[in-house]
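This report describes how the chains of a multi-chain model meet and what lies inside them. The sequence and structure come before the description.

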Amino acid sequence: MEITLTHYLVLSTVLFAIGLIGVMRRKNLLMLFFATEILLNAVNIGMAAISHFRGDYTGQMFAFFIIAIAASEVAVGLGLLIVWYKRTGKIDLDQMTSMRG
Amino acid sequence: MQEHILSILIFFPALAAMFGFVVHKDSVRAYGITVAAIEFFLSLWLWNLYDPMTSGMQFMEMAPLVSAFGISYLVGVDGISLFIIILSTFFTLIGIASLTEKRRVKDLIITLLFLEMTMIGVFAALDAIVFYVFWELSLIPMLYIIGAWGGPLRIYASIKFFLYTFTGSLVMLVGMLFMAYFYYQATGQWSFSLLEWYRLILPVNIQMWLFAAFFLGFAIKVPMFPFHTWLPYAHGQAPTIGSVILAAILLKMGTYAFIRFSLPLFPDASVAFMFPIAIIAIIMIVYAAMVAYAQEDIKQVVAYSSISHMGVIILGIFSMNVEGITGSVFLMIAHGVVSGALFLLVGVIYDRRHTKLMSEFGGLASVMPRYATIFGIMMMASVGLPLTINFVGEFLSLLGFYKQSHSYTLVAGTAIIVGAIYMLSAYKKAFFGTVTNEKNKNLKDVNRTELLGLVPLVVVAIWLGVYPKPLLEPINNSVEAIVQLMHDKAQTLEAKQRIPDLSNSAGLNSTQEAH
Amino acid sequence: MEVYLYIALFAPLVGSLFAALFGAAPKTYLTGIAASGLLFTSFVSSAILLNYVLAGHTVHVEMMTWIAAGDLYIPFGFVVDQVSVTMMMVVSVVSTVVHVYSIGYMAHDKGFNRFFSYLSAFVFSMMVLVMSDNFLGLFIGWEGVGLCSWLLIGFWYHKESATWAANEAFIMNRIADLAMLIGIFMLYWNLGSLQYDVVFANIATLPMHIITWIGIFLFIGAMGKSAQFPLHTWLADAMEGPTPVSALIHAATMVTAGVYLVVRANPIYGLIPEVGIVIASLGAFVALFAASMALVNRDMKRIIAYSTLSQLGYMFVAAGLGAYWVALFHLMAHAFFKALLFLGAGNVMHAMHDELDPFKMGGLKKSMKWTWILMTLASVALAGIYPLAGFFSKDLILEVAFVEHHYVLYTVLLLTAGLTAFYSFRLVALIFHGNERHLEHGIHPHEAYTFMLYAMAPLGVLAVIAGMAFKTPYYLMVTHLLPAMTYHIHNHTTFWIMTIGTQLFVIAAITYAYKKYAKAVKVDKKVESGLLYQLLYNQYFIPKIYDEVFSKPYLKLSKLAWKEIDLKIVDATVDGIANIIYQTGEKTHTMQDGNLSSMLRWMVIGLVVLLVLAVAFTAGYNAVNLQAM
Amino acid sequence: MLAPISISLASLNITTMAPMLIAIVGALAILCIDLMKEGLHKSFYVMVSLLFLLLDLGAVVDFGNVFLKSGSVLGMFDMMLIDGLSILSQIIIVAGSMLFIPLALTSKRFHEYNYPEYFALFLFMIAGFQFMVASDNLILIFVGLETASLALYTLIALHNRSKSFEAAVKYFTMGALAAGFFAFGSMIFYAITGSVEINQIALALAKDEYVNIGFVLVAVVFLLGAIGFKLSMVPFHTWTPDVYEGSSAALAGYMSIVPKIAGFVVAMRLFEFLVHSGVVWLQVVLYVSVVVTMTASNIWALVQNDVKRMLAYSSISHAGFVMAAILIGTTQANTALFLYWALFSFTNLGAFSMLWVSRQKNLIPGQSSDHPYEKFAGLVKTMPMAAIMIGLFMLSLAGIPPFGLFWGKIYMIGAAVSGGYTVLAIIMALNSAIAAYYYLKLIVFMFMKEPIAEYQKYYLMNASLSLKTIIGIAAIGTIFAVFAVNPLLKVITLFVYNSGY
């Protein structure tokens, strides 16, 4: 079977869906961050594939930027997470409801 | 200075109010009276300068404000607005002079002076947006007056007053913007100037929509049935001064706007909506009178009586002829004087007893004869006795509408019956009979401060009832211009027929084109 | 002459304002004397004007502009012509008398000054009413007398019944005033003016139905002021006011304003005889109707009030039948003797400490001789016995009805004449003859002040001679303006049979009344419990019906309008809309539950919904496009 | 093999990046200064930041002149786009930032201002926003967006309270999800058009006549999610109230203005060509979301007990109101957007500053949030000027004339009317009426209730000269806006019109 762009895109979409589901379901903050990483990386796959099939480097460039951004996001996210953990001793989302309404 | 007299009139109170922050609170009342008196004399001077034979706008001032969007500071007076402006300054003066409020007088007086600015602004504005600015701005001082010095339900009442009026006027704003857009389409330029708008002849279906949009804003302000329910609360909770200004001036903004906007801009729609509005007016007259009759609180009686009288004014406006509109403008002033005085009078007794329930009183005529006399005179004026100020307006308004419909006028004319019913029965409850309540036995009659406010009103109420000519003449001239304009602009056959053509009659000798 | 006109008109106003100055001050005779003096001035001026008019002139002045708007122009204009000068004389004579009388009558009242202020104000209004040269000016006076009537009926404001009656009178009059206003509107829009001369000159050019409507509306206005059925109930209740007031306002002047209006508007009514018939019929009906109520009433003043009502009916018969000068003549004559009757009743009331039930009086002729004489004189005049005033004016109306071939009206009026005689002398008999029943109640009557009796004397004289002496000069004068119709029964036999028959009939009624009431009062229980008696005694239950049908339902409806419609529907809708918005907020803001998971879920849900919409739209779009292809 | 790269430096047109570079240099300078000398007072950093922002603003204004002479400028491989929109929005961004940065000079000590990093991050963030608006390349927009967002998360967290961290985490997580949306949307556009430049995408789509309308819409959905998050469109708005509540009032005010104008510009670039191309779906969706955003947030604002939260919902509502411009898409509407936002920034600046000056460090017992309405009860009796100020800003927010926002409001509604969206105009007007209620509620508390003793000492606790100055500027801007409207309108119209919007 030849692997076409469609396959990549489907993979990308499936991964994105997985990410979305993770984002919705995960109650652990760390896991949640992982899910967002999956989201971004799903896009990376798609970008790279399209870029390849179109013979255009823009997509790859985009992917690189996404990687960079994902990395910085992790940095900031983990920073926040650590502080939060230090203060509360938990990283459970359901604890985080002091503001509402 | 003469050419800027309107701007001076508008902004002098506001400036004085700012200065008022500095005045010590013990002297602020004197300050307020001084400012209001100066303002009043300025307005009299305006009257003196005003040429009663000219129908168009006088003392016009123009300064571009947002020229890119066609908004400019444009003010002017004609016979219709002149006297309402004088009424505003008059009542501010009377209100401050007879102020009995003890709590935070300084804030109150500063607020009143701001309110005065907005009132004059509304009546002097000839640019729709400037008009709207003052229109909305007038809500705020009133909100504060009701909310801060009012009765137990004051916050509910003030918010209701504000939101209700605000909602209506926002719809009106959309109408204004549409109107400006229409002008833009017709001429390629933005303009909010009323005088420019007067030149437009709009398609009838657009007139209908715009009329409806403006109507909502005005109707709530008037207030017309069924948008009237804020009024009893506002009056019921407001302090005396608030009720006085509200009844005397603020309500007139709605009816004034009908004459200034709805009629000349949308003559065909006005004619088309004439009968629905007449029905509303009749409902206002009769229904509000009935509700007034059922009231237990004397202030509410006066409040509902306002609605009833405003019904007559509306009827006069939509009579579309000179007699009716002139009458309604005059009745605006008359009702201002009379209802203002009645609210002042209710305030007198409220200050003494801290209740307004009629069941608490009875037999006051023997304890407070002077009070009862003044109240009686004002009540009779309110009932529309000839030779009092109200009669002239009511008569002309009804007379005017009779031209349009006989049967409607017959029903509307019950105003003079139902009005007598609630007023006389209220008077009977409060003033006649024997004094049964111990607390009323030693009530003091009206004192000098109170007389200071009341006597001028009595004088005006009778003077203008006997000799209304100084007012009627300029009003008449300006109204003729508007009616002629409406006739010229009317497109539908019905409108052409319903709105009289004055160009052939002798009455137009002194009339010039409105623009 | 204009000076006299202004004096006649404004002297009462000056008197009123002068008295008003002392309104809050303690009683001072000065007010009464000054007011009376000024009225006398007014009377003198009127007399001078009368003299002038008799010479065939009229005076017409325009004082100043009142209302001018559009094409409407209404001045304060006054006219003294044959009709108005008659009215002016009546008004100024009766009011001068009443003023002087009141100085005595009100001597012990706290509101003495106030009373004169009101009373003079009334005279001023009445003068405006009769002297105005246009319909709206008339309306000023019309409403002005209404106001003064309200003030004076409710003069003793501490009495519930008085204030109630005052309000009733005012409101009932207002109902009629509305019709009058409508009539005025019609005049204006059809003729462009409200001046009498313009209106009357042009009225004939209008289509018939419009004239008819104008006539009807104006007459309804007149019905209110003149208390014609069905707007009559206020008049009897108005007797709550001080008796001089009843004499002046509710007998002599104000209530006749309606008749005056019809007479004044005779060019209009002359064109619409059908309406005239209706007016005459209603008048005849009221004459009988009111007289019937007077038969059994046990309230002295109410009896006289019903009598007034009945006589007003007579006047309307005359006016309706086109005999305007006859109506006006009876108006004048009636004013004299009816005022006299009331003032006499006032004396009796004073003596009886405000007792009104004649069944509790009796034999007063001993202690109150002059009052007895004057009241008997007035009653004789009222009954229409030759040669007193009533004979000339009232019998003339009977003749008019006869000559115009309205035999039903004639019969009714004749019957009423008998009834009138009966109740008048029933009253006289009960009060002045028989046992001194009042002694049981510990009352010792005394005659009124002498000057009060002197004050009444002119009326007494007029009651005697007015008919005899004035008829011809009056006729000659007034027919300059009013249609000069003479009503002669050409058959001499018929004339004499009618005149003598009427006189005999009336005398019989008087005799019967004396017989029944002059000796001892026998209360016939059987008659009193009878249906007819109850019906009459309760005024045909009309006040009750009005109360049940109009007053109470109106109050109920008002309460309903307020509590149910205004508060529970109109206001509740507004608050409801606001509440719905607010409650939506309250209910839905929990969607913001602060949990990050649900926030993320909202975002994804939003995305998914949009995606679904996008897919659906695309599917639809493609489908449409495929079809298009 | 790679083709040899030959680029002339001139065509790079590196000056197009000058404004952002100034901000970045400023940030780096602050960090370097901190390395050299620690413990400098915050006023130093505030002023240094201000200076750099001033330079930044100068550069932007300079571009404004260039633009007026010669139209849009492209640079950096056509990545940068300096057109009227970018200039206007950069002016608002930089000027807004300049007005907010002095709010750091409170009289009480707040610990985040002791970190120079705070100011460095602040400048980075501004640079990020500037990049975002100065490009029509999705990559650069994305990078700018993320740079700014990441800095912002950190700024929020630096407030160092439990609620701030919670806010930062929430914002961050949702931001990450939104970033995913943006990336995925871009990917789809890239897939169907082979470009990530908006004007190229537009051309490509127009060329094949939107044959892939389904995919276009899917891409639009994702981008709408991402931008909608930034602009807090319902239902992507849920972060807003919590984040505003968690962060300091000053920062919350900042967030209500600057990030949003950046978002609007991106939205204008992204969606308007689609609206104009007759993508009915987008029109409908925008219409609905504008109405829902305005109305729903207004309704929620009604029931808030905390002023800052109320203002959060109110700013959602204002954003929804302004989004209408993108739906209407006429020049007048786009002009209205900028006008509205410029006026809004003054008023909101004032409103949040007034909260900021009365911020207390510790809550008193029974107090559930920083700024409950009760805190302001009877303010007119204790501090009339403060009450009048707050009242003024509230009235302006409510759109009462003649205060600032009114003019924006009528121009926007006027744009809706002239754009043929009469019903929308009425909905917008009625929403103003609903909104008036909650603004009034604060006025009612201030002017019509009795003061509550415990709160009294916290009024104006934070006030310092610079804060008062800022409030004064805001007040003047709000009151006398009427005189500024005409020049603003003229300039904005010129810029917007010449940018082809």
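## Chain C and its partners

In this predicted model, 39 residues of chain C are in contact with 47 residues of chain B, two residues being in contact if their C-beta atoms, placed from the backbone, lie within 7 Å. On the side of chain C that touches chain B, at least two residues each are supplied by β1 (59-69), α5 (135-153), α6 (160-191) and α23 (542-588) of chain C. Helices (H or I, at least four residues) and strands (E, at least two) are DSSP runs, numbered from the N terminus. The largest share of this side, 14 residues, comes from α6(C).

The table divides the side of chain C that touches chain B by residue class. Ala, Val, Leu, Ile, Met, Phe, Trp, Tyr, Cys and Pro count as nonpolar, Asp, Glu, Lys and Arg as charged, and the others, Gly among them, as polar.

| Class | Number on the side of chain C that touches chain B |
|---|---|
| Nonpolar | 23 residues |
| Polar | 8 residues |

Chains B and C share the most contacts of the 5 pairs of chains in contact. By contrast, no contact joins chain A and chain B, and their closest C-alpha atoms lie 24 Å apart.

Residues are numbered from 1 along each chain as its sequence is written, and chains are lettered from A and ligands numbered from 1 in the order in which they are written. As the model is predicted, local features need pLDDT of at least 70 and side-chain atom pairs count only at pLDDT 80 or more, while totals for chains, interfaces and linings use all residues.

Chain C has 24 helices and 2 strands. Its radius of gyration, taken over C-alpha atoms, is 32 Å, whereas a compact globule of 629 residues would have one near 25 Å by the rule of 2.2 Å times the number of residues to the power 0.38. Of its 629 residues, 56% count as buried, that is, with 20 or more other C-beta atoms within 10 Å of their own C-beta atom, placed from the backbone.

Beyond its neighbours within four places in sequence, C:Leu413 has contacts that include C:Ala284, C:Tyr314 and C:Ile397. C:Leu413 is also among the residues with the most contacts inside the largest nonpolar core, which has 740 residues. Such a core is a set of buried Ala, Val, Leu, Ile, Met, Phe, Trp, Tyr and Cys residues joined through C-beta atoms within 7 Å.

Note on methods: Buried ≥ 20, exposed ≤ 12 C-beta atoms within 10 Å, placed from the backbone.
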